[in-house]
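Please keep the structure in view while going through the points.

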Amino acid sequence: QFLNYEGRKISKRKNWGVFCEKLPQSGLDADYWRFYLSFLIPETSDADFKWLEFKEKINNVLIGNIINFFHRSTSLVFNYYQGKVRIKNLKELKKEEKQFIKKIKEKTKKIDYLMEKVEIREALKEILSLSSLGNQYFDQKKVWKLVKENKKEGEKFLVIFLNLCRNLTVLISPFLPTTGQKMWQKLGLKGRVDQEGNLKTIEKTFLKSFSILRPEPLFQRLDDRLIEFLKKTT
């Protein structure tokens with residue numbers, strides 16, 4: 001199957017396409033391109049690189065979903081708990097919360113299975129679905145309000161969400177290696193995110209405490225002016 005560009009076949013001779021040797025001039029980290037191209041892998045049919053879709057996938061899907069969940073979780077931990085949260089015992093968790101953790105583990109195993117089968121696009125969709133699950137639960141529990149009204153209860157949910165962040169960090173790292181390592185370090189975790197055994201570890205374990213670093217922006221949103229610049233330089 002083929003990857004096309006804006007509805008036509010890519011042609012080096014006609015200068016029609018996005019070309020790898022020009023990408024360093026864009027000023028964007030390779031993870032931007034890797035994320036969008038992971039959506040476009042023509043596994044079963046031809047695919048089409050489109051600039052408006054590139055902008056939408058980065059702004060609304062990557063930043064609006066995974067990065068948003070990671071940032072809102074870590075920001076609350078840093079701003080309200082000085083970067084340190086813990087629960088003494090998993091028995092503190094209610095049945096509903098344990099069910100949520102179970103869903104995280106089940107989805108993580110499913111993503112592992114899809115990656116083993118080299119179903120890359122489907123694996124990425126499931127990673128985004130897992131992150132959406134976190135965002136929905138975050139909103140349902142109104143954690144931003146809970147940390148002000150019931151600090152102990154808020155801390156419990158943030159430990160759960162940081163565990164989900166840990167899973168997402170490991171799962172997204174094959175797609176976003178640079179960003180994955182940054183996220184891993186921000187969570188206060190040792191070593192490398194792509195270390196052998198990390199995937200099996202997140203499937204089986206739940207961390208009861210975290211000591212994170214100050215959150216920082218991981219991606220910049222793409223605007224029309226930047227897209228026009230990218231069209232000309234790549």
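1. The structure is a predicted model. The remarks that follow should be read with that in mind.

2. Helix α2 against helix α6. Two packed helices are described by the angle between their axes and the distance between the axes. For α2 (51-81) and α6 (residues 151-172), the axes come within 9 Å and cross at roughly 140 degrees. That angle makes α2 oblique to α6, since only angles over 145 degrees count as roughly antiparallel. The crossing of α2 past α6 is left-handed.

3. Residues of the α2 and α6 contact. On the α2 side, the contact is formed by I66, F69, F70, S73, T74, L76, V77, Y80 and Y81. Their partners in α6 are K151, G154, E155, L158, F161, L162, L164, C165, L168, T169 and I172. Sorted by class, this contact of α2 with α6 comprises 14 nonpolar, four polar and two charged residues.

4. Helix α4 against helix α6. Here the axes lie 11 Å apart, and the packing angle is about 165 degrees. Helices α4 and α6 are therefore roughly antiparallel to each other. Their crossing is left-handed. From α4 (120-141), the residues L124, I127, L130, S131, G134, Y137, F138 and K141 take part, and from α6 the residues F157, F161, L164, L168, L171 and I172. The contact of α4 with α6 has 11 nonpolar, two polar and one charged residues.

5. Residue F138. Which residues does F138 contact, leaving aside its neighbours within four places in sequence? This residue of helix α4 is in contact with F69, R72, S73, L76, V143, W144 and F161. F69, S73 and L76 are among the α2 residues that meet α6, and F161 belongs to the α6 side of the contact with α4. With a relative accessibility of 2%, F138 counts as buried, because buried means under 20% relative accessible area.

6. Residue T169. Helix α6 also holds T169. Is T169 buried or exposed? Its relative accessible area is 0%, and T169 is thus buried. When residues up to four places away in sequence are not counted, T169 touches F70, G180, M183, W184, L187 and V193.

7. Helix α9 and its buried face. An α-helix has 3.6 residues a turn, so residues three or four places apart point the same way. In α9 (residues 224-233), the buried residues are L226, I227, L230 and T233. Viewed down the axis of α9, these buried residues fall within an arc of 135 degrees, so they line one face of the helix. R225 and K232, on the other side of α9, are exposed. The buried residues of α9 pack against α1 (30-40) and α2.

8. Helix α2 against helix α9. The axes of α2 and α9 come within 11 Å and cross at roughly 130 degrees. The two helices are therefore oblique to each other, and their crossing is right-handed. W51, F54 and K55 in α2 meet D224, I227, L230 and K231 in α9. By class, the residues of this contact of α2 with α9 divide into four nonpolar, no polar and three charged. I227 and L230 are also among the buried residues of α9.

9. Backbone angles to check. Most residues other than glycine have a negative phi, and most peptide bonds are trans. E6 has a positive phi of about 50 degrees although it is not a glycine. E6 sits in the loop between β1 (3-5) and α1, and is partly exposed, with a relative accessible area of 33%. K142, likewise a residue other than glycine, has a positive phi near 50 degrees.

10. Where is K142 found? K142 occupies the loop between α4 and α5 (143-149). At 42% relative accessibility, K142 counts as partly exposed. The C-alpha atoms of K142 and G154 are separated by 9.2 Å, and the two residues are 12 residues apart along the chain.

Notes
Residues are numbered from 1 along each chain as its sequence is written. This is a predicted model: local features need pLDDT of at least 70, side-chain atom pairs count only at pLDDT 80 or more; totals for chains, interfaces and linings use all residues. Side-chain values use heavy atoms; hydrogens and water are left out. Buried means under 20% relative accessible area, exposed over 50%, partly exposed in between (1.4 Å probe, protein chains only). Helices (H or I, at least four residues) and strands (E, at least two) are DSSP runs, numbered from the N terminus. The arc is that of the directions from the helix axis to the C-beta atoms. Contact means heavy atoms within 4.5 Å. Axes are lines fitted to C-alpha atoms, for helices over the stretch in contact, and angles run from 0 to 180 degrees between N-to-C directions. Angles under 35 degrees count as roughly parallel, over 145 as roughly antiparallel, 65 to 115 as roughly perpendicular and the rest as oblique. A crossing is left-handed if the near helix is turned anticlockwise from the far one by less than a right angle, and right-handed if clockwise. Ala, Val, Leu, Ile, Met, Phe, Trp, Tyr, Cys and Pro count as nonpolar, Asp, Glu, Lys and Arg as charged, and the others, Gly among them, as polar.
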